[in-house]
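Hi,

Here is the structure I promised to pass on.

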Amino acid sequence: MNGKLRIVPIATLALLVLSLTNLANAASSPAFYLRSDRASYIPGDTGSLQITIRNEGDQAFTVRNITITWPWFSFLNDHWEGNMTVNSINTALATGQAYNTGQSFSVPNDGRAYRSNTGTMKVGTDIGGNGGSYRSSSFTIYVNIPTYTPVEVNTSIFSILIVGILGVATVLLFLVNQGLRRPKTATH
């Protein structure tokens, strides 16, 4: 009888550990898939960041808002520029469901576009209670660096000039040729 009583606390402890293990695995797990609509941009271009938030956990959660900090985020004169927040989304995602959206952007014409090409996205959710929590991810937007292209021989301006010079040279050669062919007059 005494040996049977010793098994009860051990069995109870084992059941408690197993129940806590299952609760730890039962978590919401948002996955972010971010991609731009083009491979690269030049200053002044507009584009779109395609966003997919997928619930890969086994509990539902709600997407409340999205904050995007673009790679060219910086302080200009008297304000911050290069970030945005989309509020009041309030979309519930069950296991396996996804929320898709797109956010447009304009690449600035100044030097901010070349400072970095990595931006961040934070998603506000109701995960964790007490007002929820933020989950973040990063994305890349490639901006081509402008290059200086000097005027080359194969540009259209030089092609037009060469044709003009050849035309003038042809006319001059024709006039010289005609001048040499004139018959000589006899002088006494």
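To get you oriented: in which helix is Leu-161 found? Leu-161 is in helix H2, which covers residues 156-181. Before I go on, please keep in mind that this is a predicted model.

Back to Leu-161, then. Leu-161 is partly exposed, with a relative accessible area of 47%. Leu-161 also belongs to a nonpolar patch on the surface, together with Ile-157, Phe-158, Ile-162, Ile-165 and Leu-166. Taken together, the residues of this patch have about 580 Å² of accessible area.

Now the overall picture. The chain has 2 helices and 8 strands. Reading from the N terminus, the order is α-β-β-β-β-β-β-β-β-α. There are 188 residues, and 25% of them count as buried. The chain exposes about 13200 Å², with carbon and sulfur atoms supplying 59% of that area. If you take the contacts between residues at least 6 apart in sequence, 65% of them join residues at least 24 apart.

On confidence: the mean pLDDT of the chain is 83, and 79% of the residues reach 70 or more. Residues 22-26 are a stretch to treat separately, with pLDDT below 50. Beyond near neighbours in sequence, that stretch has 3 contacts in the model.

Next, the strands, starting with S2. Strand S2 spans residues 46-55 and is mostly covered, with 7 of its 10 residues buried. Strand S1 (residues 30-36) pairs with S2 in the antiparallel sense, over 7 bridges. S2 is also joined to strand S6 (residues 98-106), again antiparallel, by 9 bridges.

The structure holds 4 of them. One joins the side chains of Arg-54 and Glu-56, at 3.6 Å from N to O. Both partners are partly exposed: Arg-54 has 32% relative accessibility, and Glu-56 has a relative accessible area of 42%.

Another one sits between Glu-81 and Arg-112, where the closest N and O atoms are 3.6 Å apart. This pair links distant parts of the chain, since Glu-81 is in strand S4 (residues 79-86) and Arg-112 is in the loop between S6 and S7, 31 residues apart. Arg-112 forms a salt bridge with Asp-110 as well, with the closest N and O atoms 3.0 Å apart.

Ser-74 is found in strand S3, residues 61-76. At 10% relative accessibility, Ser-74 counts as buried, because buried means under 20%. Leaving aside neighbours within four places in sequence, Ser-74 is in contact with His-79, Trp-80, Glu-81, Arg-112 and Arg-115. Glu-81 and Arg-112 in that list are the pair from the salt bridge above.

Last one: what does Asn-117 touch, once its neighbours within four places in sequence are left aside? Asn-117 is in contact with Pro-71, Phe-139, Thr-140, Ile-141 and Tyr-142. Asn-117 is found in the loop between S6 and strand S7 (118-125). Asn-117 and Ile-141 are 24 residues apart in sequence, yet their C-alpha atoms are 5.2 Å apart in space. Asn-117 is partly exposed, with a relative accessible area of 29%.

That is it from me for now.

Cheers

Note on methods
Residues numbered from 1 in each chain as written. Predicted model: local features only at pLDDT ≥ 70, side-chain atom pairs only at ≥ 80, totals over all residues. Heavy atoms only, no water. Helix = DSSP H or I, 4+ residues; strand = E, 2+ residues; numbered from the N terminus. Buried < 20%, exposed > 50% of the residue type's maximum accessible area, 1.4 Å probe, protein only. Contact = heavy atoms within 4.5 Å. Areas by Shrake-Rupley, 256 points an atom, 1.4 Å probe, with all protein chains shown as cover. Pairing = 2+ DSSP bridges. pLDDT = per-residue confidence, 0-100. Patch = residues over 30% accessible without salt bridge, like charges linked within 9 Å, V, L, I, M, F, W, Y side chains within 5 Å.
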